[in-house]
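Please read the following report alongside the sequence and the coordinates.

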Amino acid sequence: MKIFSAQQIYEADKSTIKKEQITSEALMERAASQLFEWVHSRLRGTQVNIVLFCGIGNNGGDGMVLARMLHEHGYSTKVYVVNYSDKRSEDFLLNLNRLKEAEVWPDFINESIEMPELSPNDIIVDAIFGIGLNRPPAPWLGKLIQHINASQAFVLSVDIPSGLPMDREPWDPSHVIQSSYVLTFQVPKLVFFLPKTGIYVNQWEVLDIGLDQEYLSKTDTDFELIGRPEVLPLYRPRLKFSHKGTYGHSLIVGGSYGKIGAVQLASNACLSVGSGLVTAYVPKCGYHSLQTAIPEVMVLTDSDEENISQIELPFEPTVIGVGIGIGLNEKTASAFGALLKSVAASMVIDADGLNILSQNPELLKDVPELSVLTPHPKELERLIGKWDSDFEKLEKTKAFSSQYNVAVVIKGAHSIIIYKDKGYVNTTGNPGMATAGSGDVLTGMLTGLIAQGYPPLEATIFGVYLHGLAGDLAASTLGYEATKASKIIENIGSAYSELFRQPEQNAQENN
Ligand SMILES: NC(=O)C1=CN([C@@H]2O[C@H](COP(=O)(O)OP(=O)(O)OC[C@H]3O[C@@H](n4cnc5c(N)ncnc54)[C@H](OP(=O)(O)O)[C@@H]3O)[C@@H](O)[C@H]2O)[C@@H](O)CC1
Ligand SMILES: [K+]
């Protein structure tokens with residue numbers, strides 16, 4: 001699903017109005033009916049206090065229409081107009097009048113008014129600011145937002161939590177609505193997925209308000225949300241007349257004394273995702289444990305007992321996963337540098353492989369084109385330098401990706417894959433995956449997918465999604481705390497099956 005900017009959403013809005021020859025007010029009515037249906041289908045007339053805070057723009061207008069519909073259906077509502085500007089939008093004014101015609105009389109809140117009383121049992125509708133927020137909310141608005149956040153009530157935000165800008169971090173982190181649920185129009189917003197801005201969104205859902213499909217499908221976006229519909233077409237089916245050679249020979253290079261487990265996890269994941277053959281290259285000390293733990297993996301050893309010191313390969317691997325558990329030993333860094341120079345195959349570079357690159361930036365030019373780098377935030381910072389905001393981080397990563405022609409996975413709650421000027425936001429995964437070895441499993445999986453012929457960027461999008469899905473399946477039986485890296489590997493097979501599982505509703509219809 002594409003992630004549009006505010007500017008593009010306004011254009012889609014205009015284009016819809018023009019094409020369908022409807023008024024903007026009719027579009028607002030359509031959007032707000034979707035909000036109403038959502039609320040009504042859940043509450044079914046339950047008598048609960050619904051308190052609506054509406055701004056004076058079109059987000060507030062949506063709130064006005066919702067208030068009218070709730071009132072007409074017998075709900076108990078209290079409406080506040082948050083009067084932060086004289087520049088009221090036309091559709092807001094129109095719907096304010098309609099609300100009054102329906103005999104609902106809103107109270108106006110401004111700087112000098114006391115904060116309204118709120119109860120934890122209320123349902124609060126947050127329609128103060130939408131995607132039009134373009135400067136810091138005034139201090140009194142900040143206080144109102146803090147007051148709503150302190151109420152402990154369920155807060156339903158219209159389109160976006162009020163106070164959250166679309167294209168930057170908030171000016172004051174406490175002046176943003178902490179939403180229980182966001183009903184967002186037509187398309188998800190990038191800020192829902194970034195670490196510093198996603199924290200305001202507990203759950204979100206897209207409401208289809210019928211914006212111009214042609215505009216939406218023809219317009220390119222900087223970011224895309226990766227869910228099952230995006231991942232399924234990337235899948236490469238196994239062929240009947242094939243053999244292990246068809247699915248590539250992966251090489252996993254890594255490990256040092258005490259960190260052979262990382263290679264074990266990566267090699268195992270690489271096999272489990274479908275690589276035809278897997279060879280691990282480790283220091284001598286890793287030989288016995290690897291051969292014992294995974295009989296399917298072949299093992300080559302370095303001449304050094306405890307660290308990788310010189311990588312000599314008796315075969316040409318399809319792809320190389322490198323860096324896990326490798327350490328920062330000088331000998332290892334120069335062996336890694338020599339490896340970069342000697343092979344053309346794509347690499348998946350992780351952990352200390354990335355740290356060696358940060359410490360020796362002259363090596364970056366030797367990284368094979370279309371390699372994949374999988375840094376966690378600290379490793380990324382060492383590679384691209386510090387950033388002031390999540391947005392600057394994305395921009396710097398895009399520049400880095402373009403400069404070296406590599407894909408970068410920014411690992412996090414929503415991992416984002418950056419390739420050149422485009423970002424792919426992953427939707428699978430859970431906090432249980434913040435555990436030792438989870439990254440080694442990802443490295444192995446991406447390596448194993450490239451081995452099978454997935455182009456590196458597709459392998460990365462597909463693999464990050466599958467890794468998260470395997471983690472979700474593991475956590476569904478183990479819980480977050482007991483989810484560990486080897487359990488993610490055990491669930492790779494089920495994750496593939498899950499990709500093709502019919503949604504339950506369809507399954508029932510088919511019976
Ligand atoms: N597009 C669509 O497809 C559809 C959109 N719809 C809805 O419209 C919403 C966007 O509405 P919107 O453009 O009127 O902006 P909104 O967020 O209500 O803000 C109002 C105005 O406040 C101002 N302002 C900004 N910051 C400020 C500040 N700190 N302190 C004080 N004032 C500030 C700024 O005006 P300015 O003063 O800059 O001229 C801004 O214009 C969208 O989220 C959705 O809910 C649906 O109805 C149907 C389909
Ligand atoms: K809002």
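## Leu-190 and its contacts

Leaving out residues up to four places away in sequence, Leu-190 touches Ile-3 and Phe-223, where two residues are in contact if their C-beta atoms, placed from the backbone, lie within 7 Å. Leu-190 is found in the loop that runs between strand E7 (179–185) and strand E8 (201–207); helices (H or I, at least four residues) and strands (E, at least two) are DSSP runs, numbered from the N terminus.

Because 25 C-beta neighbours lie inside 10 Å, Leu-190 counts as buried. A residue is buried if 20 or more other C-beta atoms lie within 10 Å of its own, exposed if 12 or fewer, and partly exposed in between, with the C-beta atoms placed from the backbone. Asp-208 is 18 residues from Leu-190 in sequence, and the two C-alpha atoms are 17 Å apart in space.

## Basis of the model

This is a predicted model, in which local features need pLDDT of at least 70 and side-chain atom pairs count only at pLDDT 80 or more, while totals for chains, interfaces and linings use all residues. Residues are numbered from 1 along each chain as its sequence is written, and chains are lettered from A and ligands numbered from 1 in the order in which they are written.

## Helix H4

Helix H4 covers residues 90–101, and its 12 residues should span 16 Å at 1.5 Å a residue, which agrees with the 17 Å between its end C-alpha atoms; the expected span is 1.5 Å times one less than the number of residues. Within H4, the residues Asp-91, Phe-92, Asn-95, Leu-96 and Leu-99 are buried. They cover an arc of only 140° around the axis, so they lie on the same side of H4, the arc being that of the directions from the helix axis to the C-beta atoms.

On the other side of H4, Glu-90, Asn-97 and Glu-101 are exposed. The buried residues of H4 pack against helix H2 (24–43), helix H3 (58–72) and strand E3 (76–82). Just after H4 comes Glu-103, which takes a positive phi of about 65°.

The 13 residues of H8 should span 18 Å at 1.5 Å a residue, and the end C-alpha atoms are 18 Å apart, which agrees. H8 is mostly covered, since 13 of its 13 residues are buried, and the helix is followed by Gly-274, whose phi is positive, near 120°.

Two packed helices are described by the angle between their axes and the distance between the axes. Helix H8 (residues 260–272) and helix H14 (residues 438–451) pack at an angle of about 35° with their axes 7 Å apart; axes are lines fitted to C-alpha atoms, for helices over the stretch in contact, and angles run from 0 to 180 degrees between N-to-C directions. The contact involves residues of H8 including Ala-262, Leu-265 and Cys-270, and residues of H14 including Asp-440, Met-445 and Gly-448. The residues of this contact divide into 8 nonpolar, 6 polar and 1 charged, where Ala, Val, Leu, Ile, Met, Phe, Trp, Tyr, Cys and Pro count as nonpolar, Asp, Glu, Lys and Arg as charged, and the others, Gly among them, as polar.

## Positive phi in two loops

Gln-21, although it is not a glycine, has a positive phi of about 50°, and it lies in the loop between helix H1 (6–20) and H2. With 7 other C-beta atoms within 10 Å, Gln-21 is exposed.

Asn-405 is likewise not a glycine and has a positive phi of about 50°; its place is in the loop between helix H13 (390–404) and strand E16 (407–410). Asn-405 counts as partly exposed because 13 C-beta neighbours lie inside 10 Å.

## The chain as a whole

The protein chain contains 18 helices and 18 strands, and 48% of its 511 residues count as buried. Its C-alpha atoms fill a box of roughly 85 × 55 × 45 Å, taken along the principal axes. Among contacts between residues at least 6 apart in sequence, 74% join residues at least 24 apart.
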